[in-house]
Amino acid sequence: MQTAVFFAIAAIAVASALGLIVRRNPIHGALFLVVNLGSVAAIYLMLNAQFLAAAQVIIYAGAIMVLFVFAIMVLIPGKEETGPDPLRPFRLVAIPFGAFLLVEILLMLVVRPAPPREPPGAEGGAEAIGRLLFTDYLFPFELTSVLLLAALVGVLALAKRKA
Amino acid sequence: MDFPAVSLRAILPAIVILTTAALVLLLDLLPPRERKGHLAVVSLAGVVAALLATTWLWGGESRAFRGMVVLDGYALFLDLVICYAAGLVVLLSMDYLRERGLESGEYYALVLLATVGMMLMASAGDLIVVFLSLELMSLSLYVLAGYFRARLASGEAAMKYFLLGAFATSFFLYGIALVYGSTGTTNLDRIAASASRDSLMMVGVALLLVGFGFKISAVPFHMWAPDVYVGAPTSVTALIATGSKAAAFAALIRVLVTSLRSTQPDWTVLLWGLAAATMTVGNVVAIAQSNLKRMLAYSSVAHVGYMLIGLVAGGVFGTGAVLFYLLVYTFTTAGAFGVVLLLEHAGGEGVSLADYAGRARRHPILALVLSLFLLSLIGIPPFGGFVGKFYLFGAAVRSGYIGLAVIGALNTAVASYYYLRLIVYMYMREPEGVEAVSTPSFAGGLALAVALVGIVVLGVVPTPFIDLAQAAVTPLLR
């Protein structure tokens with residue numbers, strides 16, 4: 001059952017990734033990307049990493065995709081269908097990269113390296129992560145808020161219309 | 001659930017600066033809204049308070065927040081360096097910004113937030129904290145580099161710094177991930193305890209070095225430095241050249257010397273190459289520069305090369321020499337950029353070599369002060385630069401890296417050419433063109449005086465400071 005579900009989700013992920021690079025219309029590409037990110041989130045869920053799945057949906061499929069679509073709308077309004085691809089010569093570069101990845105995957109299948117060491121307390125639930133955030137990782141957690149403050153002040157300093 | 005004990009004492013200097021940053025942001029909203037001079041004074045008071053807190057904590061040693069933060073002599077020594085850098089930059093910024101009508105609370109808040117990041121980099125006990133504080137510092141500096149929005153070069157500098165910085169950050173993060181994969185922890189002490197030396201670790205260390213190499217602007221990761229130094233407001237340039245370098249060195253030394261000790265033979269070889277390349281490229285390219293800020297940028301690249309010599313030499317002597325050199329370098333470079341800042345015209349001109357022809361006649365005191373800073377940068381006694389170089393090269397010879405010491409000494413000879421050329425221009429050339437009369441600035445003068453006293457004291461009575469630097473690195477090497 002689990003294997004069947006995995007293959008179904010994996011097929012959706014691969015198909016949507018293909019759709020992203022094949023479609024010429026950037027908006028269609030963006031929508032395919034949403035599907036792709038969603039199916040990856042489902043795979044995380046199957047690996048028992050609930051928190052990662054939720055973060056994937058909220059951050060990638062939510063916030064970052066909105067930014068993408070927004071940028072597409074603002075930058076190229078009305079001419080989503082573009083002419084000939086200016087980066088066509090670069091497609092040749094894809095061949096060695098693709099071959100490299102293929103060799104890598106085959107190598108992994110042949111060698112079958114030992115799985116990485118299990119980090120302590122590696123539970124993907126929100127509870128385990130929340131517990132870690134407020135005990136062992138309290139300091140980095142608080143430091144992140146200072147980082148966000150700096151980003152906020154920085155945006156203000158750059159965007160403020162004055163002089 | 002047991003919460004970790006919150007011991008603010010361990011991060012007191014950073015907390016003081018952070019509180020000041022928040023205070024500056026709040027005061028910015030209150031009247032008087034036109035004059036912002038008081039914000040600089042508040043910022044300066046915060047930096048001085050952090051300096052006092054650092055001296056108050058002196059001698060203490062503790063770990064806080066489950067090993068995320070380390071308070072030791074090493075962190076405190078670098079807090080001192082960073083406080084001086086931040087203080088000098090705030091002093092230099094006051095009149096510089098007011099003359100250009102660009103004073104704002106955000107500027108000072110960002111300088112202080114960058115300072116918080118720098119301090120935490122020096123006292124980080126975990127790669128995650130290194131990463132977050134590095135980002136805190138970098139984000140603030142990206143924005144500050146583009147602070148002169150009306151100036152095209154400033155925007156270009158910010159964009160370049162941001163893009164290349166983000167790129168370097170991703171290398172750094174990948175390095176952390178691989179080190180975590182190899183050791184199963186990001187805590188610096190536990191990484192040291194695992195003494196891992198597998199291929200995963202090796203690639204991780206190399207990627208970490210790329211990330212750090214960018215932040216300290218070591219060749220071949222220095223490409224951003226000249227453009228950013230030229231385009232950024234000169235006060236921000238001084239901060240990037242001093243504080244951010246000191247902080248990056250702080251984290252680099254702690255990570256390399258404590259947690260990556262097992263891979264020392266491997267990274268020593270890499271650093272040898274980096275040091276030789278950085279010195280040589282920095283100095284040789286600096287000769288060809290006609291823009292003073294660009295010349296000082298390449299000169300600061302070259303000085304990074306000198307400091308890497310000490311890291312290659314290793315041990316209490318080599319690492320201590322790096323710390324001492326950082327202190328000297330901070331005063332000297334902040335001072336040199338300070339003079340350039342005071343002589344800069346409102347539009348950003350007046351920083352080319354030709355503009356400095358005959359400067360000694362119009363600004364005798366500033367020209368003299370700049371000459372003294374340049375002599376310290378060459379490494380001529382009785383200034384701190386001489387003692388710093390002496391100890392660095394001495395440590396290299398002591399550890400058997402005679403080739404590196406010779407390259408360093410040759411580079412010093414090359415470097416003296418372009419420093420002395422500037423002095424010759426100031427004293428022995430006729431002035432060209434008309435010059436705007438620059439108003440004397442009390443705050444700027446004070447900053448130069450502090451920096452000048454710093455390099456003279458460090459040059460005349462270096463022993464106590466050398467002892468301090470060596471005592472600071474001793475716990476790392478245990």
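**View 1. A network of salt bridges in chain B.** In this predicted model, the side chains of E156(B), K160(B), D227(B) and R294(B) are linked in a network of salt bridges. Over all chains, the structure holds 12 salt bridges.

**View 2. Two further salt bridges of chain B.** E430(B) and R361(B) form a salt bridge in which the closest N and O atoms are 3.3 Å apart. Here too the pair links distant parts of the chain, with E430(B) in the loop between α17 (402-428) and α18 (442-460) of chain B and R361(B) in helix α14 (residues 359-362) of chain B, 69 residues apart. Both E430(B) and R361(B) are exposed. A salt bridge also joins E99(B) to R100(B), where the closest N and O atoms are 3.7 Å apart. E99(B) is partly exposed, with a relative accessible area of 45%, whereas R100(B), at 14% relative accessibility, counts as buried.

View 3. A pair of aromatic rings is described by the distance of the centres and the angle of the planes. The structure holds 20 aromatic pairs over all chains, and one of them is formed by F167(B) and F171(B), whose ring centres are 5.4 Å apart and whose planes stand at 90°, so that the pair is edge-to-face. The two residues, F167(B) and F171(B), are separated by about one helical turn because they are four residues apart in helix α6 (residues 152-183) of chain B. F167(B) counts as exposed at 52% relative accessibility, while F171(B), at 28%, counts as partly exposed.

**View 4. An aromatic cluster and two charges over rings in chain B.** One aromatic cluster is formed by Y142(B), Y161(B), F162(B), F214(B), W224(B), Y229(B) and F337(B). In another detail of chain B, R9(B) lies over the face of W56(B), at 5.5 Å from the ring centre. The charged end of R398(B) sits over the ring of F317(B), at 3.6 Å from the centre of that ring.

**View 5. Backbone details in the loops of chain B.** V219(B) and P220(B) are joined by a cis peptide bond with an omega of about 5°, and P220(B) lies in the loop between α8 and α9 (224-231) of chain B. A cis peptide bond also joins P381(B) and P382(B), with omega at about 10°, and P382(B) is found in the loop between α15 (364-378) and α16 (384-398) of chain B. F65(B), although it is not a glycine, has a positive phi of about 55°, and this residue lies in the loop between β1 (62-64) and β2 (69-71) of chain B. R66(B), also not a glycine, has a positive phi of about 55° and is placed in the loop between β1 and β2 of chain B.

View 6. G213(B) is found in helix α8 (residues 199-215) of chain B, and at 3% relative accessibility it counts as buried. G213(B) and L271(B) are 58 residues apart in sequence, and their C-alpha atoms are 9.9 Å apart in space.

**View 7. A nonpolar surface patch on chain A.** L102(A), I105(A), L106(A), L107(A), L109(A), V110(A) and V111(A) make a nonpolar surface patch of about 730 Å². L107(A), one of these residues, lies in helix α4 (residues 91-111) of chain A and is exposed, with a relative accessible area of 52%. The secondary structure of chain A comes to six helices and zero strands, and buried residues make up 21% of its 163 residues.

**View 8. Confidence of the prediction.** Chain A has a mean pLDDT of 84, with 85% of its residues reaching 70 or more, and chain B has a mean of 91, with 98% of its residues reaching 70 or more. For the complex, the predictor gives an ipTM of 0.90 and a pTM of 0.90. Where pLDDT is low, the predicted coordinates should not be read in detail.

Note on methods
Residues numbered from 1 in each chain as written. Chains lettered and ligands numbered in written order. Predicted model: local features only at pLDDT ≥ 70, side-chain atom pairs only at ≥ 80, totals over all residues. Heavy atoms only, no water. Patch = residues over 30% accessible without salt bridge, like charges linked within 9 Å, V, L, I, M, F, W, Y side chains within 5 Å. Areas by Shrake-Rupley, 256 points an atom, 1.4 Å probe, with all protein chains shown as cover. Salt bridge = Lys/Arg side-chain N within 4 Å of Asp/Glu carboxyl O. Buried < 20%, exposed > 50% of the residue type's maximum accessible area, 1.4 Å probe, protein only. Phe/Tyr/Trp six-rings, centres within 6.5 Å; stacked < 30°, edge-to-face > 60°. Lys NZ or Arg CZ within 6 Å of the ring centre and 35° of its normal. pLDDT = per-residue confidence, 0-100.
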